[in-house]
Amino acid sequence: MKIPKRETSTCWNPILETLPLEKLRELQVGKFRRIVKWAYERSKFHRKLYQEAGLKPGDIRSYEDVAKVPKVEKAMMRDIQRKDPFPYGDALCVPLEEVTEFRQTSGTTGMPVYQPDTWQDWEWWSEAWSTILYAQGYRNTDRVFIPFGYNVFVAFWAGHYAAEKVGCEVIPGGVLDTEARILKIQELRATAMMATPTYVLGMADTAKKKLGIDPARDLAIRKITCAGEPGASIPSTKRRMEEAWGAKVYDHVGATEIGAWGFECTAQPGGLHVNEALFLTQLEDLETGEIIEEPGRKGKVVITALDRIAQPCIRFDSKDVTEWAESPCPCGRTFRLIKGGIAGRADDITKIKGVLLAPTAIEEVVRSIPGIANEFEVVVTKKGDLDDITLKIEIVPEAAGKRDPILAQLKDQLRLKTNLGYNIEVHPFQSLPRYEVKAKRFKDLRK
Ligand SMILES: [Zn+2]
C-alpha cells in the first residue's frame, strides 16, 4: 500500500482520513469496545448505568451492537458532580492527580457540567483540531489571530494549541477589546482567525464604522474558522462573512463534553465531515429513535469520543439535529458528511402551528435579503390556542427607502422556506440586542 505523505496531501492524517469504509467501521468498533470497557471498570456512574441495562462490555461485538449501549444526557452528568473526587464525582476514570485541564460547559441550558482532561486527552483535543485546521488550509506559513477571551469554556483553547501543532504562528488576542484586536490583526498582517459567526460579523461592523477599516480591503485575513453557532453552514450568513472579510469561512462543530467532532474542508461541499477516526457518530430518528444511515432524513446526533479517557463521552445525546449528505466529498476523505452542518438543537426544532421549524431556516432567509441588518430576533408566543411568531429585524440606513419591497420579499421567502406566516416588526437600526459570543436570537415563550 502506498502511504501518502502529509506534505503532498490535504489531510492532517492521510491514512485515517481516507480509510475505506469497512476499515473505518472496524477501527470504530474496536475503539468503542475499548472505551466502554475502560468506563465500566473505572467509572461508578457508567458501571451502574450499564449494569441496570444488563450490559457487559463483552456484549459489544459489532457496529450494530453500539446502539445497545445506554445513552447519556447532560443532566445525568450534572447530578453526579460536585462531590468526591471533587468536583468531578462518579464519572472520573483516572486518579485526580492525572487531571491537567479543567473546563466547563457554558450552562446556557442549566447548571454547568465540569470537564476534566488528562494531558493525553489534551493531546487528543489538539489532534482533533489539527485535523480541522489542516483540512481548512492552515499551514506553517499562517499567522493566526485568536480573538477569544481565554476562560473556563473550552471554545478556542484547543484551536490555539492545534494551530501551534500544525506549525502556525499564533497570536492570543485575549483581553483586548474589539478595536484593539482589529488593529493588531492589521499591524501583524494576520492571515487567519477563529471566532463565532456573530463575532465575525460584529468585528467587521466595528472595523468599518469605528476605525474606517474595510476588512476585505485592508486586512490580510483569508481564512476564518467558526464555531459555537451554525452560521458558517447557513449559506446567506456565510456569504455575508466571506464578503465582509474577503476570506474563506469554514465551519466546525464541537462541544466541551464531546470534543471537536466535525469540520468543513476546503472543497466546501455544503456540509461537514465527521471525524470518524476519533468519534463514532450516529443519527437517531427524533421520534422513533431508529438509527438513520440514509441521506436526507433528519436525526439527532448520538456520539462517542473514542479516545477520551478522564471523563468518557460514550453515546452522548448531543441534541444536535442534522442529516447525512448524499455523496462522497470531492476532497477524497472517506469521513461521512453531514449536510448543511447542524440544523439546530432538538429542543429548538419545535412544532409551530403543526409545522417543524428549525431556527436556522429563518436565519438563512433574513441574511439572504440585502438591506436587512445582521441582527434579528424570533419570538414564539401563544395567543389563545394559536402559536404566534414575531420576527424582529432592522433595516440598514442605506436601504431605508426600500422598506416596502424588502418586507414583501422577506414575507414571500419566509413562507416559501418555512411554510409559516410571521408578524414582522422593523426596529430602529442597532436597537436589537448585540451579542459578543453566542447569540440567543430564538425565544420560545410558549412553555
Ligand atoms: Zn471534504
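Helices (H or I, at least four residues) and strands (E, at least two) are DSSP runs numbered from the N terminus.

I note that this is a predicted model, in which local features need pLDDT of at least 70 and side-chain atom pairs count only at pLDDT 80 or more, while totals for chains, interfaces and linings use all residues. Residues are numbered from 1 along each chain as its sequence is written, and side-chain values use heavy atoms, with hydrogens and water left out.

**Partners of strand 5**

I then looked up the neighbours of this strand, taking two strands as paired if DSSP finds at least two bridges between them. Strand 3 (residues 143-146) runs parallel to strand 5 and is joined to it by two bridges, with V144 having A192 as its bridge partner. Strand 6 (residues 223-226) is also parallel to strand 5, through four bridges, and here A195 is partnered by C226.

I traced an open sheet of five strands in the order 12-11-13-14-16, with antiparallel pairing. Strand 12 (291-292) and strand 16 (344-345) stand at its edges with a single partner strand each, so one side of each is left without a neighbour in the sheet. Strand 14 (residues 316-322) pairs with strand 16 over two bridges in the antiparallel sense, and D320 stands opposite R345 of strand 16.

**Zinc site**

Which atoms coordinate the zinc ion? I find C265 (SG), H273 (NE2), C329 (SG) and C331 (SG), at 2.1 to 2.3 Å; donors are N, O and S atoms within 2.8 Å of the metal (3.2 Å for Na, K and Ca), and because water is not among the atoms, sites may look incomplete. The angles subtended by the four donor atoms are 102 to 120°, which makes the arrangement tetrahedral, a label given to four donors if all angles lie between 85 and 135 degrees. H273 lies in strand 10 (residues 271-274) and C331 in the loop between strand 14 and strand 15 (337-339), so the pair ties together parts that are 58 residues apart in sequence. H273 is buried at a relative accessible area of 0%, whereas C331, at 23%, counts as partly exposed.

**Cores**

I list F32, W129, M194 and W261 as the residues that touch the most other members of the largest nonpolar core, which has 73 residues; such a core is a set of buried Ala, Val, Leu, Ile, Met, Phe, Trp, Tyr and Cys residues joined through side-chain atoms within 4.5 Å. Helix 5 (residues 119-135) supplies the largest share of this core, nine residues. Apart from it lies another core of 25 residues, including I352 and V366.

**Helix 8**

I checked the length of helix 8 (residues 197-211): at 1.5 Å a residue its 15 residues should span 21 Å, and its end C-alpha atoms are 20 Å apart, which agrees; the expected span is 1.5 Å times one less than the number of residues. A207 is found in this helix and is buried, with a relative accessible area of 0%. Leaving aside neighbours within four places in sequence, A207 is in contact (heavy atoms within 4.5 Å) with I182, G212, I213 and P215. G212 follows helix 8 and has a positive phi, near 65°.

Note on methods
Four donors count as tetrahedral if all angles lie between 85 and 135 degrees; four count as square planar and six as octahedral if opposite donors are over 155 degrees apart and all others between 65 and 115; anything else is irregular. Buried means under 20% relative accessible area, exposed over 50%, partly exposed in between (1.4 Å probe, protein chains only).
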